[in-house]
Amino acid sequence: MQTIIGGASAGAPADVIKDTDTAHFMADVIEASRDQPVIVDFWAPWCGPCKQLTPIIEKVVLAAKGKVRLVKMNIDENPELAQQMRIQSIPAVYAFVGGRPVDGFMGALPESQIRQFVDNLLRAGGDDETRMIDEALVQAAEQLKTGDVRMAGGLYTQVLQADPSRTEALGGLAQVYVRMGDLEKAREVLAHAPDEVQNDPHLVQARTAIDLAEKAAGAGETAELEAKLDADPDDHATRLELAMALYADGDAKAAIDQLLIIVRRDRDWNEGAARTQLFEIFEALGPKDPVAQSGRRKLTSILFA
């Protein structure tokens with residue numbers, strides 16, 4: 001398979017993280033940001049949240065391998081510049097591209113949000129590799145949706161080789177193995193994710209897909225289950241099993257329709273088992289999937305009718 005994504009640079013520049021002051025701010029931030037994005041971390045020794053945030057920003061910036069720089073400024077030692085920048089509270093973080101501020105936030109954020117902040121900054125800064133990775137992720141998602149799991153898997157693998165922190169690629173590759181029926185391999189992919197990103201939506205979606213695949217594997221044959229329902233349309237247990245069999249066959253819409261029938265007839269059956277199963281399917285399909293969106297609307301209509 002042809003490689004479409006370049007590898008990350010071998011190492012970060014020696015000055016990828018540095019301290020600055022008012023006298024050097026123009027060179028270290030404004031001028032430097034004309035070549036590559038610069039993040040400025042305004043902090044002070046007495047600031048507790050600053051001590052939590054700064055190591056996280058440093059970690060994420062170092063992981064970017066020289067594609068973005070971090071400049072730290074002690075506002076106690078440089079009060080004039082802090083006033084010019086209208087810093088009201090700290091920690092305060094500003095991102096500069098092309099000599100001007102383009103984004104920022106105040107307060108301590110978790111690592112996942114810092115990574116997203118940096119990813120957005122790299123896109124704003126016109127980083128070619130980041131743009132190529134984003135395009136590859138879009139293409140991989142389309143291939144997965146159309147059933148070309150081999151192509152999707154190749155693209156997700158290339159993304160992870162270029163940037164192992166992209167949780168969308170981790171979750172996507174796990175979904176590829178789910179489609180291939182290799183649930184053990186799917187779990188192995190997710191096991192490589194760091195603890196701090198375990199609740200990332202892409203990984204949660206993939207874990208839900210694994211759980212659903214396990215349930216669907218135990219479902220019976222659709223023809224046999226449909227015959228049982230013809231004899232007793234109110235056999236909700238059989239209808240639930242039919243929904244899982246349909247999902248296993250790749251027909252998520254039909255599975256959702258069967259579960260909606262149960263909810264419509266008895267929403268509280270088996271402690272709301274049909275609703276629980278619906279939410280799992282919606283989670284596995286993802287919030288942007290048109291089948292999931294349609295199912296959610298139908299469920300809402302039933303519940304609030």
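Mentor: Ground rules: it's a prediction, so local features need pLDDT of at least 70 and side-chain atom pairs count only at pLDDT 80 or more, while totals for chains, interfaces and linings use all residues. Residues are numbered from 1 along each chain as its sequence is written, and side-chain values use heavy atoms, with hydrogens and water left out.

Trainee: What makes something a pocket and not a cavity?

Mentor: On a 1 Å grid over the protein atoms alone, a cavity is a set of points where a 1.4 Å probe fits but cannot get out, whereas a pocket is an open set with protein on both sides within 12 Å along at least five of seven lines.

Trainee: What volume does the largest pocket have?

Mentor: About 1300 Å³; that's the space filled by probe spheres set on the points, which are joined across faces, edges and corners. The second largest pocket has about 440 Å³.

Trainee: How many residues in the second pocket's lining are charged?

Mentor: Nine, beside twelve nonpolar and four polar. Asp, Glu, Lys and Arg count as charged, so Arg 115 and Asp 163, both among those nearest its centre, fall in that class.

Conventions:
1 Å grid on protein atoms, 1.4 Å probe; cavity = no way out; pocket = protein on both sides within 12 Å on 5 of 7 lines; lining within 4 Å.
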